Amino acid sequence: MELAFKALFLLAAAFYLLLRLATYLLTAHKNRIFAKSHNCLPPRRFPSPFLGLPNWVRLMRAAKRGNVLEHITDRYPTYGNTWKGRILIGTSIGTVEPENIKAILATNFKDFGLGPQRHANFYPLLGDGIFTLDGPGWEHSRANLRPQFSREQVSDIEALEVHVQRLMNRLPEGDGEVADLQPLFYCLTLDSATEFLLGESVDSLLSPELNPTGDGGGEMSFAQAFNVSQGYLINRTRVRGLYWMINPKRFRDANAIVHRLVDRYVDMALHPEKRAKKISEKKYVFLDAIAAETKDPKYLRDQTLNILLAGRDTTAGLLGFIFWLLARHPHIYQKLREEIISAFGTGRDGGGKRPSFSALKDLTYLRYVLNETLRLYPSVPLNGRTAVRNTILPRGGGEDGLSPVFVPKGQRVDYSCYGLHRRKDLYGEDADTFRPERWGEGVGRGWEFLPFNGGPRICLGQQYALTEASYTVTRILQKYARIEVADTYTGPMMDLTLTVAPKKVLLRFWRA
Ligand code: HEM
């Protein structure tokens, strides 16, 4: 009896293995036919011996040094604009080719998704929301969010002024005094995003304690916990399919703190009588709109958290890099300030003429400065998609890289806006230099400049973010005649999680 059972088991195992082999061979055959019919050639290989383990170790070392972006970008001049390599249990096609990014995000949009790994990896923090969902779930989230970004909503300068003035109140009054702008920018974008999206601001700029970027001792603040959680998400991304192995208590604690704050808002949306102030009927408040649709607190939390992630860190990073760069290029600061002063006057006490939404749009040099900052430091510098069916990338195959590349179902494709934006053949030999004037010379056409992504998943908050950044820069430059680098900090310059921001923006200020 026992023998018969063993024989049956071996037979079943052999049958299973045979079936797997047959499926593998059949898929490989089908793939070859598909690739041939589209004239595909393999992309160049990024050397990946020992299952790519050395690549992973180098990546981790770069993360420790704080130069992951340079580390990844350095591969492109050596291995071409599109290559294939392996890290641990997954392979990846890396690309900085505009045509390929256009295919992923627009022309072949239906062939790519965020992928099951992104959903599972991000789930403990973000649940089911616009940044983790594909298909109908994503479409539904996007449809709910769209009215939030109507022109009427994003041009509400009055609401912005309140938060920007609170930020200005925390900047130095005495000439030559020093402040770190980065934590202030995190607070500004959190305060304005919570008011804009949830109907009531967390008012973190009013709190005497202001340390959203560190990870603090004791209980973390919301902002600290949000950073810690995102740090873990990016580490989980770096080990690909093994993401589930990174799930320490600190990650779980940070997620719980973030969820607690958002749950407070969800509770207010479900019980409006608990709100401290009444919200104008004219205002579209995203959270209220979805709370009218469903009372499921988990759904409401997930949707809210996803959009808060979008609203806070990206714009805070942009603002941080603008001032980081301006302080290192005083002539550009002065040129920008002249444009601002001639439009709105100066404001020694944080006053001066308030810029209107449309007047801000007329400031050409300000637009150049914003574009140039987003070119050098795109807030989402690395991104990727997974093929949901067999498809192709139009370029990168063969030794010359001009043939299409076959992308089998399940293949991950990573693209780097950081690398794309620094391509010397697209932006000139000085591509690594901060030179806003290049935006008057016709650079960055079409898919060569992608700070806000493109295609059906293009950033919904682009106008809102650009208005917030333009307004904040204008108000600060009205008040300060001069800024100077005050760095004594020697650690890594960039804080790279899902987004990128400078670690610190330590500046010395002189009032007008
Ligand atoms: C400088 C500021 C910003 C930059 C550079 C930026 C950039 C991006 C990028 C690259 C994506 C695509 C992400 C992906 O494919 O995984 C994205 C998506 C998105 N962004 Fe932004 N963003 C900014 C600010 C904002 C703000 C302030 C909001 C809202 C308040 C916002 C809302 C969104 C939303 C909802 C999506 C998801 C779109 C979708 O998947 O359909 N963004 N953003």
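The model is predicted, so local features need pLDDT of at least 70 and side-chain atom pairs count only at pLDDT 80 or more, whereas totals for chains, interfaces and linings use all residues. Residues are numbered from 1 along each chain as its sequence is written, and side-chain values use heavy atoms, with hydrogens and water left out.

**Ligand shell**

- The ligand is surrounded by 27 residues (a heavy atom within 4 Å), and the closest are Arg118, Trp138, Arg142, Arg385 and Cys459.
- Polar side-chain atoms lie 2.8 Å (Arg118), 2.7 Å (Trp138) and 2.9 Å (Arg457) from an oxygen atom of the ligand.
- Two or more shell residues each come from α7 (135–145), α14 (297–328), β6 (382–387) and α20 (462–479); helices (H or I, at least four residues) and strands (E, at least two) are DSSP runs, numbered from the N terminus.
- Helix α14 gives the largest share of the shell, six residues.
- The shell comprises 16 nonpolar, seven polar and four charged residues (Ala, Val, Leu, Ile, Met, Phe, Trp, Tyr, Cys and Pro count as nonpolar, Asp, Glu, Lys and Arg as charged, the others, Gly among them, as polar).

**Packing of α11 on α14**

- Helix α11 (residues 222–238) packs with α14 at an angle of about 95 degrees, their axes 12 Å apart; axes are lines fitted to C-alpha atoms over the stretch in contact, and angles run from 0 to 180 degrees between N-to-C directions.
- Helix α11 is therefore roughly perpendicular to α14 (65 to 115 degrees).
- The contact (heavy atoms within 4.5 Å) joins Phe222, Ala223, Phe226, Asn227 and Gln230 of α11 to Leu305, Leu308, Leu309, Arg312 and Asp313 of α14.
- By class, this contact of α11 with α14 has six nonpolar, two polar and two charged residues.

Notes. Polar contact = N/O pair within 3.5 Å; in protein donor to acceptor, adjacent residues only side chain to side chain. Parallel < 35°, antiparallel > 145°, perpendicular 65-115°, else oblique.
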